[in-house]
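Trainee: Please take a close look at a single part of this model. I would like to hear about salt bridges and the elements they join.

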Amino acid sequence: MDASESYRLLECIGEGLGGPVYRAEAGSGTVAVRQFRSPSPAGSPEWRADRQHFLDAGRRAQGLKHNRIVPVLEVIDEAGEAFHVMEFQASGNLQTM
């Protein structure tokens with residue numbers, strides 16, 4: 001992952017429809033990184049549409065501030081990979097809350 005800041009993935013902390021979420025280390029502290037995943041074959045029209053939807057959703061969420069939204073800090077789009085970098089919330093996950 002080569003973005004405006006380097007991220008070191010530490011552990012998978014969750015899994016959802018959008019893909020796995022990792023706790024990661026950055027120069028600015030701990031963050032959460034969601035990695036794009038699609039059920040469609042890589043490179044297929046469906047995969048490309050899913051990837052674009054993932055990127056668009058992340059870009060729309062950037063800058064939103066609300067106590068029920070985990071802030072998206074950065075959207076990474078490079079070399080077929082896509083990620084959302086978000087604030088890390090140590091309070092657990094939605095299932096346990």
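**Salt bridges on the sheet**

Mentor: In this predicted model, Arg 8 counts as partly exposed, at 48% relative accessibility. Its salt-bridge partner is Glu 25, with 2.9 Å between the closest N and O atoms. Arg 8 belongs to strand β1 and Glu 25 to strand β2, so this pair ties together parts that are 17 residues apart in sequence. Glu 25 is also partly exposed, its relative accessible area being 38%. The two strands run antiparallel, and eight bridges join β1 to β2 (residues 19-26). Gly 16 stands opposite Gly 19 of β2.

Both strands belong to an open, antiparallel sheet of five, ordered β1-β2-β3-β5-β4. Its edge strands, β1 (7-16) and β4 (72-78), each pair on one side only. On average, neighbouring strands in the sheet are turned by 25° against each other, direction ignored.

Helix α1 (residues 45-61) lies across β3 (29-35), β4 and β5 (81-87), and runs at about 150° to β4. Arg 51 forms a salt bridge with Asp 77, the closest N and O atoms being 2.5 Å apart. This pair links helix α1, which holds Arg 51, to strand β4, which holds Asp 77, across 26 residues. Arg 51 is buried at 12% relative accessibility, whereas Asp 77 is partly exposed at 40%.

Asp 77 forms a salt bridge with Arg 59 as well, with 3.6 Å between the closest N and O atoms. Arg 59 lies in helix α1 and Asp 77 in strand β4, so the pair ties together parts 18 residues apart in sequence. Arg 59 counts as partly exposed, at 38% relative accessibility. Through shared partners, salt bridges join Arg 51, Arg 59 and Asp 77 into one network. The structure holds five salt bridges.

Key. Residues are numbered from 1 along each chain as its sequence is written. This is a predicted model: local features need pLDDT of at least 70, side-chain atom pairs count only at pLDDT 80 or more; totals for chains, interfaces and linings use all residues. Side-chain values use heavy atoms; hydrogens and water are left out. Two strands pair if DSSP finds at least two bridges between them. Helices (H or I, at least four residues) and strands (E, at least two) are DSSP runs, numbered from the N terminus. Axes are lines fitted to C-alpha atoms, for helices over the stretch in contact, and angles run from 0 to 180 degrees between N-to-C directions. Contact means heavy atoms within 4.5 Å. A salt bridge is a side-chain nitrogen of Lys or Arg within 4 Å of a carboxyl oxygen of Asp or Glu. Buried means under 20% relative accessible area, exposed over 50%, partly exposed in between (1.4 Å probe, protein chains only).
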